[in-house]
Amino acid sequence: MDLPFPFGLPFASAFYGALLALTFTMHLVFAQIVLGGTAWLAILGIKNAPHDSVAQTLRNWLPFALGIAITLGVAPLLFLQIVDKQGFYTAGLLGSHRFMAILPALIVGFYLLYLQKKLGNMAHRSWRVLLPILTLLAFTLTGYSWSEQHVLAQDRDVWASMYAASRMRYSGAEVLPRFLFFASTSLPTVALAVLLLTSEAKRCAGVAWIGIAGMLVSAAWLFGTMPPSRLAAWSGGNLAWSIALAAGLATAAAGWSLVRFRSRIRPALLVPSWLVVVLSIAALREGLRIASLRTRGAAREQLVRAHERAFEVGGFPVFVLFALLLVCLLAWLSRRVARELSRSPGA
Amino acid sequence: MQDFPYYPVLDFGPAMKGMVIGGIGVFHVFVAQFAIGGGWLLCLLQWRSWKRGDALARRFLDSYFRVLVLISFVVGALTGVGMWLTSIQVSARTIGMMVDEFHWIWATEWLFFLAEVIAGYTFYRYASRLTDSTRFLLLLVYSLAAWGSLFWINGILSWQLTPGGEHGVGSVWRGFFNPSFWPSLVYRSFVSLTLGGLAALAVVQAMQGITREERGHLARTCSLVLVPMTVMPLVGIWYVSVLPEDSRAWITGGSALMTMAFGIAVAASSLLGLYVVFGVLWKRLNVSFATAMLLLGLAFGASGAGELVREGVRKPYTIRDLLYANSLTQDDVERFRVLGSVRDDPWPLREPAPTASLQTGHRVFRLQCSVCHTLNGANGVDHLVETWRPDQMRMNLASLQHTKSFMPPFAGNATELEALVQFLLWRRSGEPGEWTDTTTREDLDKNHRWLVEATTAPRSLADQSTPKQGGGR
């Protein structure tokens, strides 16, 4: 595949692949806000800053962000079952305990976030340290398990031996650096969200810089762990998305420099550049998934046929109709709510 | 390599796989339906607060909404995702086929879910600063979206039981508006209102700082959503009337478990309905917190039994006429009768067996039986066949669908059938380290004859005539 994902693929495969990448991008933004925000909250808890404005903002918004992240996560989960049914199901079965553990971890994580919101800065010091750390553990388990699941879904060579040995943990070398890359990306994402909600420009820039540095280090580590066959996939279209990722990252780094050294907030520069970064990550993820089937002609053919069959199923116009209605309804409601809020005494 | 999707098969020890999905399923349905009914109740309360100036209704609304959001948004949403994940663990092919057929319906349901969450969170966060009309609008969007989710998912779930036509291209709407769609939708909508109302009664009793009269006033308001419960018997009859004849036979004596579960669902619903009609609505009894929780417990029991019936009456299918409970299609059965079912199975065995035949038998068990049976735990085959003589075992397994009509036909050739018999006999002997296979040519011929006699056609209680002839070997 020489064209960037999803171009160059048969139409049905490109269609579902693009839908997966787009919906995954939406989910990823909020998932990263939750993971990065919880990590930041844990550090602020350790530093004993109960009245810190960033801590208050995070406590206030993280339960909502988690609710949205979970809701937005349903769509990519649906399209993934069409795009890579066999890989997704098989990895889910092989790592079933950890896969299923995501659910209680997220439920516990949500109630811990809500508890922190309710307690606010009234919580005892030890709780202010302990609660965010426990929450962070719950979300780290979730994020790590998804990284593990994703890599395992493509590592078909280990499936049979893993099953035979009843091994519940997949220890592929790519999993940890991949998760660290994802975790590092969450820091600039949450920094951007906090920047839009508060006036803590310099601190946000600091967190974003740490995240960008983490992304570079973990990306280098990830490359180092990849076998030559996987590295070979990093060409053509995937290389184009890598360049887009690098360009987005460079622009964002420049934007954060303006924020840090000139105290100028540049959402117009930062938001689009960061969206390019997140979208490129999602597109690369899918492009590499397709490339992993390059040497498996039969599996690839089977997948393409499955996409074509799925594409013939009815219902798409109804989805589009309701999507448009939803957008109009929510836009109208948001305007109405915003207007009333601006007139209310608490405005 | 055939097109058949072999997935790794999990072993849940002594627990049946159905227990895992059933546990999460019942909990999810209960929470999700509570969220739907609760939403409509909130609309009613907001309407009264807005149009009649009922300050108490507004105060209660805010307390109740917190309970609704805290329970339903996260636990409801995650157990919904959990249903997908659990379904993968139990039968990946079933959920895969449902996604293939209905992914745009599911995607549309997701839009409604998104609207529900956004409207709900907006209300949760800003309601105190909004006018009555906007508050009502937000709650209306929330409730319509929540009920809309039920509308869409109901089409998919009822399709499993009554697919309503041939499968294939363009069949999505015929499948969606299948024969049990409307009764199931009405039934679930009324159950939702009942759960929302009963939970509200519990919250009313738990509220602090209100007088007995105010509590009574609120309880009567909340009871209004329980009114549809009075026509539940009629809806139940409607629902049962559209079930396929053999499914109806399961709940009217054909299967002891299904009949019992159906009886529990009917009895619990009737008791609940009688109490609601005579106690709450007519006599206006004061429902204490303990009584409200007891009624909710009864509703949970009715829901659980109802879901068990819904899952159980599909047997031997998981998607009627399309996919058997063991994830094999009729085409697979016919092909495997000739080629064998585990010849291309790429998944190794986790536990060794001394001979190749025993290993084949174990693989056959894993592929065809393990979704509903354990080896020696719940519904364990060791116990089920422990008194069968070898020939009896051969004949019963060869004609599974005639031995028990809720079983799918055996999907293998005479050699695989013999391997399964040998595997079960080996287990009965205590799994010795050495095993001499005593199979004779005559045994294989008998297996073959019995397989041919049984045919590959499914058999149901509604079809008690002579077995159909034809089909694969």
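**View 1. Polar contacts between chain A and chain B.** In this predicted model, 17 residue pairs are in polar contact between chain A and chain B, with both residues of each pair at pLDDT 80 or more. On the side of chain A that touches chain B, the elements giving two or more residues are α1 (11-46), α2 (53-83), α3 (85-94), α4 (96-119), α6 (159-164), α12 (297-311) and α13 (316-343). Of these, α2(A) gives the most, with 16 residues. Sorted by class, this side of chain A holds 47 nonpolar, 14 polar and six charged residues.

**View 2. The interface as a whole.** Chain A puts 67 residues into the contact, and chain B puts in 63 residues. Between chain A and chain B an area of about 6300 Å² is buried. Carbon and sulfur atoms give 75% of that area.

**View 3. The salt bridge between Lys85(A) and Asp100(B).** One salt bridge is found across the interface of chain A and chain B. It joins the side chains of Lys85(A) and Asp100(B), with 2.8 Å from N to O.

View 4. Leu77(A) lies in helix α2 of chain A. Is this residue, Leu77(A), buried or exposed? Leu77(A) counts as buried because its relative accessibility is 9%, and the cut-off for buried is under 20%. Apart from neighbours within four places in sequence, Leu77(A) is in contact with Phe88(A) and Trp146(A) in chain A, and with Val81(B) and Trp84(B) in chain B.

**View 5. Leu77(A) and Ala49(A).** In sequence, Leu77(A) and Ala49(A) are 28 residues apart. In space, the C-alpha atoms of Leu77(A) and Ala49(A) are 38 Å apart.

How values were computed
Residues numbered from 1 in each chain as written. Chains lettered and ligands numbered in written order. Predicted model: local features only at pLDDT ≥ 70, side-chain atom pairs only at ≥ 80, totals over all residues. Heavy atoms only, no water. Contact = heavy atoms within 4.5 Å. Buried area = accessible area lost by both parts, 1.4 Å probe. Salt bridge = Lys/Arg side-chain N within 4 Å of Asp/Glu carboxyl O. Polar contact = N/O pair within 3.5 Å; in protein donor to acceptor, adjacent residues only side chain to side chain. Helix = DSSP H or I, 4+ residues; strand = E, 2+ residues; numbered from the N terminus. Nonpolar A, V, L, I, M, F, W, Y, C, P; charged D, E, K, R; others polar. Buried < 20%, exposed > 50% of the residue type's maximum accessible area, 1.4 Å probe, protein only.
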